[in-house]
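Let's take a walk through this one, with the model open in your viewer. We'll go from the overall layout down to a helix, some ring pairs and a pocket.

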Amino acid sequence: MKPTPFAYAKPASLDAVFDLLAAHGEGARLLAGGQSLIPTLNLRLSSPSLLIDINGLKQLSGIALDGGTIRIGALTRHAEIERSPEIARHLPLIAEAVTHIGHAAIRNRGTLGGSLAFADPAAELPACAVALGATLVVASRASQRRVGATDFFKGLYATDLRPGEVLTAAEFPLPPPGYRSRFAELARRHGDYAMVGLAAHGRVSGENLSDLRLVFFGVGTRPMAAAAAARVLESQPVTSAGLAGAAAALARDLDPPDDLNGSGTTKLHLAGVLLGRVVAALIAKDS
Ligand SMILES: Cc1cc2nc3c(=O)[nH]c(=O)nc-3n(C[C@H](O)[C@H](O)[C@H](O)COP(=O)(O)OP(=O)(O)OC[C@H]3O[C@@H](n4cnc5c(N)ncnc54)[C@H](O)[C@@H]3O)c2cc1C
């Protein structure tokens, strides 16, 4: 199928983007990598009257280490994140997760900002942003505001972005000493969206875990933090009995809907499988 007709603009400044958003309102849509937007246009799931191509705004792109934070511009491509030595060194969770996004051609065009703004509940990067306590930077003509990743994701493909706003960057705090991250996902084929995935981040001391964030994806309408399971794991050194208790506690955290990948019951079981793998990797002696 082909998209319905639309106008196209490629502004040279963020101010020009704000002008176009103000003038065209709901009919305008930002175009970043196009890896999610263009398929929805081709399937006629969306019919904007104007595409505002933000690929000319180089100031929205790049990775910068700034004090205790790594700032990743919204227009930074997945492939750039994948190749970044700073990301590999300081944010290994992101470095690992990004390799699971589609295939090389998709990662060459797709952007961090597009992934966060699209808010697919099975996407890797939104879950990592929540697990790592990222802050998302959102700009409008009038102001700039910062939103915690947990508050940014509101529901199925729904975010805290308001009309006229552009996501400009995500800021990730550098993990303090003693913190580790681990990532795992199950997909039918490498590169497919996850059936179930888990981004985990927390403090590790031997077999003791604290300040643990377990964020699942593909099991709800947005990235799902498993607080009850985390509390069980934090309450005692990790043992197989404790791990079984944490897996059982997932039923209090998650209520996965049935979807094309499997029933909710199957997904809850798979979430427990991933929890076991990720916790074992977190406390592994050589990690
Ligand atoms: C075959 C295929 C497989 C894929 N597999 C995966 C996968 O396994 N995991 C995964 O996470 N993704 C996957 N994707 C999607 C890919 O990651 C996209 O890059 C991402 O979802 C959207 O990024 P984009 O830059 O392409 O955004 P676009 O498609 O350009 O935009 C997506 C939406 O975000 C909005 N938007 C974009 N940038 C901004 C901004 N800065 N501020 C505000 N709104 C903005 C757009 O208006 C649009 O509504 C896949 C895509 C394809 C085609």
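What follows is a short tour of a predicted model.

Start with the layout. The chain splits into domain 1 (7-53), domain 2 (61-173) and domain 3 (181-283). If you take centres over C-alpha atoms, domain 1 and domain 3 sit 36 Å apart.

If you're wondering about the spacing, an α-helix has 3.6 residues a turn, so residues three or four places apart point the same way.

On to the rings. Count the aromatic pairs with centres within 6.5 Å and you get three. One of them is F152 with F153: the centres are 5.1 Å apart and the planes meet at 90°, so this pair is edge-to-face. With under 20% relative accessible area as the cut-off for buried, F152 qualifies at 0% and F153 at 5%. Another pair, F183 with F217, is stacked, with 5.7 Å centre to centre and 25° between the planes. Which parts of the chain does that pair tie together? F183 belongs to strand β11 and F217 to strand β13, so the link joins parts 34 residues apart in sequence.

Last stop, the empty space. Rolling a probe the size of a water molecule over the atoms shows where such space is left. The largest pocket holds about 1,400 Å³. It is lined by 49 residues, and those closest to its centre are R29, L30, G114, A117 and F118. Elements giving two or more residues to the lining include α1 (14-24), β2 (28-31), α2 (37-42), α8 (124-131) and β10 (166-173). Which element gives the most? That's α7, with five residues in the lining.

How values were computed: Residues numbered from 1 in each chain as written. Predicted model: local features only at pLDDT ≥ 70, side-chain atom pairs only at ≥ 80, totals over all residues. Heavy atoms only, no water. Domains from an automatic or database assignment. Phe/Tyr/Trp six-rings, centres within 6.5 Å; stacked < 30°, edge-to-face > 60°. Buried < 20%, exposed > 50% of the residue type's maximum accessible area, 1.4 Å probe, protein only. Helix = DSSP H or I, 4+ residues; strand = E, 2+ residues; numbered from the N terminus. 1 Å grid on protein atoms, 1.4 Å probe; cavity = no way out; pocket = protein on both sides within 12 Å on 5 of 7 lines; lining within 4 Å. Points joined across faces, edges and corners; volume = space filled by probe spheres on them.
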